[in-house]
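Open your viewer and get ready to select residues by number. We will go stop by stop.

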Amino acid sequence: MLRDWRFAVTAAICCGGILLSSLEANAQSIPKDVAARTEIYAIPSLTISDQQFLNGDANGKQVTVAGQFRIAQGTGKLPVVVLMHGSSGVGAGMDPWVRQLNSLGISTFVIDGFSGRGLTAVGPNQGLLGRLNFIVDIYRSLEILAKHPRVDPERIVLMGFSRGGQATLYASLDRFNKLWNKSGAQFAAYIPFYPDCSTSYATDTEVAARPIRIHHGTPDDYNPVSSCKAYLARLQEAKRDVVLTEYPDSPHGFDSGLLGLSTTTVSANAQTARSCKLSEGEGGVLMNADTKAPFSYKDACIELNPHVGGNPATAAEARKAVSDFLQALFKLG
């Protein structure tokens, strides 16, 4: 089965090669938001518990996740944004970001951390995958990109949404980079969208000397902005380069407004840790601050049915803010 899957991916890449080469040859005749070339990567990774992650224990289940690399129009080594999805997997909301970034001459690498693990979503059961597991996938992707002939390894940025935003935020920790990032490269910036900031990790104010730009909605009741404000204050006190942009009238997933969505609905049976306060305990055990016991998704602080929705106006603001930030960071014309 695995061999058949690999054959199918290889065949798809090879059969698409003629068309992709044609697009590259005629790049100026196609819209700027269309990539010149698309490549699919198998990413060797691990499925491990949060405790294993925090202890640097790689004795987990070997797994292969996937990455879609869209090389923007342009020549030479280009900047890249790595995109990490949330609890519902790679959805339609990723496409507007990919097209916007490609239109700026920025390549994109979208990680699918679910399909290779036999998952489609974890919203109703967040315990299906450790809270920190995406960070392993992210660092493994960085290792692939840093060696790619069309990538400038000094201009790779990480951006993620919800659970992927949480991974983006904490992937900045120096300690986690030392434990798990074997790429020899470092992200040029971190852009988390509506992450869960409710967990305090040991030495979590010691982050990479790179910009962190958090984007969050004021009424978010899935991952409340209040916990991010508390973490922001600690990071700023430690003199880190971090900024939180807060958007009014913007529920969790507000950037789905880029698809024209403007309604807010209940994410039925989705688990939220909005009322939890977690901290790293002895031996890398995540502790519930209220119960003083190891955290579990069966804890009383876990609630259900948070809201999700889009806001086209603030989504457009966020898109412009991210675009302006990246153009300045990457020194694009």
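A residue counts as buried when its relative accessible area is under 20%, and as exposed when that value is over 50%. Keep in mind that this is a predicted model.

Stop 1: Select Cys228. Its relative accessible area is 1%, so Cys228 is buried. A disulfide is a covalent bond between the sulfur atoms of two cysteines. Look along the S-S bond: the link of Cys197 and Cys228 is right-handed, with 75 degrees about that bond. What does the pair tie together? Cys197 sits in the loop between β6 and β7, and Cys228 sits in helix α7, so the link joins parts that are 31 residues apart in sequence.

**Stop 2: around helix α7.** Select residues 225–237 to show helix α7. Together, β8, α7 and β9 make a right-handed β-α-β unit.

**Stop 3: the other disulfide.** The structure holds two disulfides. Select Cys276 and Cys301, whose sulfur atoms are 2.0 Å apart in a disulfide. The torsion about their S-S bond is about 95 degrees, so this disulfide is right-handed. Cys276 lies in the loop between β11 (271–272) and β12 (278–280), while Cys301 lies in the loop between β14 and β15 (303–304), so the bond ties together parts 25 residues apart in sequence. Cys276 and Cys301 are both buried. Number the bonded cysteines in sequence order and the pairing reads 1-2, 3-4.

Stop 4: Most residues other than glycine have a negative phi. Select Tyr194, in the loop between β6 (189–193) and β7 (199–200). Tyr194 is not a glycine, yet its phi is positive, about 35 degrees. Then select Lys292, in the loop between β13 (286–288) and β14 (293–294). Lys292 also has a positive phi, near 60 degrees.

Is Tyr194 buried or exposed? Tyr194 counts as buried, because its relative accessibility is 6%. Is Lys292 buried or exposed? Its relative accessible area is 66%, so Lys292 is exposed.

Terms used
Residues numbered from 1 in each chain as written. Predicted model: local features only at pLDDT ≥ 70, side-chain atom pairs only at ≥ 80, totals over all residues. Heavy atoms only, no water. Helix = DSSP H or I, 4+ residues; strand = E, 2+ residues; numbered from the N terminus. Buried < 20%, exposed > 50% of the residue type's maximum accessible area, 1.4 Å probe, protein only. Right-handed = clockwise from strand over helix to strand, strands pointing away. Disulfide = S-S within 2.5 Å.
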